[in-house]
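Thanks for coming. Please look at the sequence and the structure first.

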Amino acid sequence: MTTPAPPPPPQPQPQPATAPQPVPAPAAAPALRAIEWDGTTWDDPSEDQLHDLLADMNLRFRFVVVERLGKEPAGHHYMQVHLNDDFSYQVEYREGGPEHHFQAHVPAQPEMLRPQPVAGVLQAWAFEKPGWREALDWTPWDGSPN
């Protein structure tokens, strides 16, 4: 008696050709960066986030800096807000060298409205909307509070 031959091995099934997968585009570099008192950063913050960062300021956590990235000289295009002991604000902006560094003082506001005037200026500056320069009485920065 002869043993039957084993069945032939299965033939590989042809695989359908797959289209090459697109390579994701690199993420765009952020245009803005907000920096909180503790070094926490927010890339491309929204208008609401900017408002909330200012609303969260208190006498322990006193400042927020928003940098405009991608401009030369690097690190010299920003607006920063400092909360003073009397709950007034010191606001500064810089657009290049020291001759383009200005400051303004914003008097203390009632608690419910506290960040509103400063938030409006910061948001307009960040998103390049008109009116922020006229909103405050800017003077050349001399290193001391107004």
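A definition before anything else: buried means under 20% relative accessible area, exposed means over 50%, and partly exposed is in between, with a 1.4 Å probe and protein chains only. By that rule Val91 is buried, with a relative accessible area of 2%. I will come back to Val91.

Now the ground rules. This is a predicted model, in which local features need pLDDT of at least 70 and side-chain atom pairs count only at pLDDT 80 or more, while totals for chains, interfaces and linings use all residues. Residues are numbered from 1 along each chain as its sequence is written, and side-chain values use heavy atoms, with hydrogens and water left out.

First, the overall layout. The chain has three helices and seven strands, where helices (H or I, at least four residues) and strands (E, at least two) are DSSP runs numbered from the N terminus. Read from the N terminus, the order is β-β-α-β-β-β-β-α-α-β. The chain has 146 residues, and 30% of them count as buried. For contacts, the rule is heavy atoms within 4.5 Å. Taking contacts between residues at least 6 apart in sequence, 50% join residues at least 24 apart.

Next, the core. A nonpolar core here is a set of buried Ala, Val, Leu, Ile, Met, Phe, Trp, Tyr and Cys residues joined through side-chain atoms within 4.5 Å. The largest one has 26 residues, and Met79, Val91 and Trp138 have the most contacts inside it. At least two residues each come from β1 (32–36), α1 (47–55), β3 (63–68), β4 (77–83), β5 (89–95), β6 (101–106) and α2 (116–126). The largest share is that of α2, with seven residues.

Back to Val91, which lies in strand β5. What is Val91 in contact with, leaving aside its neighbours within four places in sequence? The list is Met79, Gln80, Val81, Phe102, Gln103, Ala104, Val106, Val118, Leu136 and Trp138. Two of these, Met79 and Trp138, are the residues named with Val91 as having the most contacts inside the core. For Ala104 there is also a distance: 13 residues from Val91 in sequence, with the C-alpha atoms 5.2 Å apart.

Now α2 itself. Eight of its 11 residues are buried, so the helix is mostly covered. Those buried residues are Val118, Ala119, Val121, Leu122, Gln123, Ala124, Trp125 and Ala126.

How do α1 and α2 pack? Their axes come within 9 Å and cross at roughly 140°; axes are lines fitted to C-alpha atoms, for helices over the stretch in contact, and angles run from 0 to 180 degrees between N-to-C directions. That makes α1 oblique to α2, since angles under 35 degrees count as roughly parallel, over 145 as roughly antiparallel, 65 to 115 as roughly perpendicular and the rest as oblique. The crossing is right-handed, meaning that the near helix is turned clockwise from the far one by less than a right angle. On the α1 side the contact uses Glu47, Asp48, Leu50, His51 and Leu54, and on the α2 side Gln116, Val118, Ala119, Leu122, Gln123 and Ala126. By class that is six nonpolar, three polar and two charged residues. The classes are Ala, Val, Leu, Ile, Met, Phe, Trp, Tyr, Cys and Pro as nonpolar, Asp, Glu, Lys and Arg as charged, and the others, Gly among them, as polar.

Then His77, in strand β4. Is His77 buried or exposed? Its relative accessibility is 11%, so His77 counts as buried. Beyond four places in sequence, its contacts include Val66, Glu67, Arg68, Glu72, Arg94 and Trp125. Gly97 is 20 residues away along the chain, and its C-alpha atom is 8.9 Å from that of His77.

Last, some backbone details. The peptide bond from Glu72 to Pro73 is cis, with omega near -5°, and Pro73 lies in the loop between β3 and β4. Asp44, in the loop between β2 (41–43) and α1, has a positive phi near 50° without being glycine. Asp44 is partly exposed, at 41% relative accessible area. Glu128 also has a positive phi, near 55°, and sits in the loop between α2 and α3 (132–135). At 62% relative accessibility, Glu128 counts as exposed.
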